[in-house]
Amino acid sequence: MVRVLVGELASAVGGTVTVKGWVNTLRLQSKVQFVVVRDHTGAVQVTHRRGGAEDALGEVLRGLTVESAVEVTGRVVANPVVKLGGLEIVPERVVVVSAAEPGLPIGPETGAEQRLNWRFLDLRRPERRLVFEVQSTVEQAMREVAAEQGCTELHTPKLMGTASESGAEVFEVGYFDRTAYLAQSPQFYKQMAIAAGLDRVFEVGPVFRAEPSFTSRHATEFTGVDVELAWTDSAEEVMAFEELMLRRVLERVAGRHGEQIGRHWNTPVVVPELPFPRLTMAEAMTRLRAAGWDAEGVREDLDPEGERLLSALVAEESGHEFVFVTRYPASVRPFYHRRPDGEPGLTDSFDLLWKGIEITTGAQREHRYDRLVAQAAEKGMDTSPEGPLGRYLDCFRYGMPPHGGFGLGLGRVLMQALGLPSIRDAVFLFRGPNRLEP
């Protein structure tokens, strides 16, 4: 028979169906056998009343193991006593497609590292699978907004001849007779697309960072969402684009998954009001130091503690989960961030914090060749035509329009949307300094 999903059984009451999935739990009594079968849409109770010594079906059920893949054919019966949707299947035939070995290597109480070792089993749990259902909704909403805003979607190279970001460690790979690098960012390629006249570009793709970070929000490989917009006058236009995108994302997530997220992760999905709060770095520092952070006044940038505290202060004052922090010092920003006229120590840049974690860095870029070269030289970078920035700088020699953009970490968005404890739970297969498997 044609497979019927568990989530569709309510429309098949009284009929005979075949469901295909995994054995979730077993309760095999002498007179009645209960098997809960789970697919990606839900779980259903299979109820079989034993028929004596010649009960072949009962013997099949008695030999089942948890997580075996099975096909169950039977009649759908309404039974208000059954907790799983008030439905059960009275089986006529059960086929063991692939038996699971007895004794699973992980269970509900297993620690994070062991769960990652057996990720395919871990993801069979509905709350783990929900992460990727939400991820699909998030990406669909992002692409929807990008298309509405006139963006062209790109796929930039991930093998590069030079490092794409200054200051961050890179992965080197052998490339025939030379060394290549895994892309730390599509930044330079996004700007090349602006120079090429594509006007607005959007990308979802892998990013690699060889930083030995062991925090709950860092990974050595992650999925980045990047946007670059031509003919912008300031970072304000970039922030307006991003907050519009994130509002749409959370509208979609709340509508499609809000109830499940609340049930499985106890996290409310809040659709944010526009515009998001904005604070300059100077304003943020003043508020944070008044609250006891960096009492010595020596920091130029926010650390994780400062990000958490600032988000808490903004939430207390405005009820908003997001806050843009703007006008970062030039000393802590890349050379390609534009500096406002008359304020060489600042940049027209921003970070976006969401519930205490930075999820985005963005800026108005410096599009003027002479100033860009000067800012790169100030950072101690080689700006010669033969140097690592040569090809990048060429893009600014023949009419580069003003532009700005941002990069957003998809895993961090999912982690915050669902209230997950670590980015390890927000990606399919985590990669970190000590993990290359599975």
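Predicted model: local features only at pLDDT ≥ 70, side-chain atom pairs only at ≥ 80, totals over all residues.
Reader: What makes Phe-176 count as exposed?
Author: Its relative accessibility is 80%. Exposed means over 50%, so Phe-176 counts as exposed.

Reader: Why is Tyr-175 called partly exposed?
Author: Tyr-175 has a relative accessible area of 35%. Buried means under 20% and exposed over 50%. The value of 35% lies in between, so Tyr-175 is partly exposed.

Reader: Why do Tyr-175 and Phe-176 count as a pair, and what kind of pair is it?
Author: Their ring centres are 5.0 Å apart. Rings pair if their centres lie within 6.5 Å, so these two pair. Their planes stand at 75°. Planes over 60 degrees apart count as edge-to-face, so the pair is edge-to-face.

Reader: How do you know that Phe-335 and Tyr-336 pair, and in what way?
Author: The distance is 5.5 Å centre to centre. The limit is 6.5 Å, so the rings pair. The angle between the planes is 80°. That is over 60, so this pair is edge-to-face.

Reader: Are Phe-335 and Tyr-336 buried or exposed?
Author: Phe-335 is buried, and Tyr-336 is buried as well. Each therefore has under 20% relative accessible area.

Reader: Which residues form one aromatic cluster with Phe-335 and Tyr-336?
Author: The cluster also holds Phe-188, Tyr-392 and Phe-396.

Reader: How many aromatic pairs are there by this rule?
Author: The count comes to 13.

Reader: What makes a set of residues a nonpolar core?
Author: The residues must be buried, and their side-chain atoms must join them within 4.5 Å. The largest nonpolar core here has 51 residues. Val-138 and Phe-202 have the most contacts inside it. Helix α6, residues 235–265, gives the largest share, 11 residues. Another core lies apart from it, with 20 residues, including Val-23, Val-44, Leu-61 and Val-94.

Reader: Which residues are in contact with Val-138, leaving aside neighbours within four places in sequence?
Author: They are Val-249, Val-253, Leu-410, Val-413 and Leu-414. Contact means heavy atoms within 4.5 Å.

Reader: What makes a space a cavity and not a pocket?
Author: In a cavity, a 1.4 Å probe fits but cannot get out, whereas a pocket is open. The whole structure has 1 cavity of 30 Å³ or more. The largest cavity holds about 30 Å³. Its lining includes Leu-116, Arg-119, Phe-428 and Glu-437.

Reader: How does the lining of the largest cavity divide by class?
Author: There are 5 nonpolar, no polar and 4 charged residues. Arg and Glu count as charged, so Arg-119 and Glu-437 belong to the charged class.

Reader: What is the volume of the largest pocket, and what lines it?
Author: Its volume is about 1,200 Å³. The lining has 48 residues, and Arg-209, Glu-211, Glu-358, Thr-361 and Arg-412 lie nearest its centre. β15 gives the most to this lining, with 5 residues. By class, the lining has 17 nonpolar, 16 polar and 15 charged residues.

Reader: How much space lies in the second largest pocket, and which residues are closest to its centre?
Author: About 500 Å³ lies there. Of its 22 lining residues, Val-6, Thr-41, Gly-42, Ala-43 and Leu-84 are the closest to the centre. Helix α4 gives the largest share of this lining, 4 residues.

Methods. Residues numbered from 1 in each chain as written. Heavy atoms only, no water. 1 Å grid on protein atoms, 1.4 Å probe; cavity = no way out; pocket = protein on both sides within 12 Å on 5 of 7 lines; lining within 4 Å. Points joined across faces, edges and corners; volume = space filled by probe spheres on them. Buried < 20%, exposed > 50% of the residue type's maximum accessible area, 1.4 Å probe, protein only. Helix = DSSP H or I, 4+ residues; strand = E, 2+ residues; numbered from the N terminus. Phe/Tyr/Trp six-rings, centres within 6.5 Å; stacked < 30°, edge-to-face > 60°.
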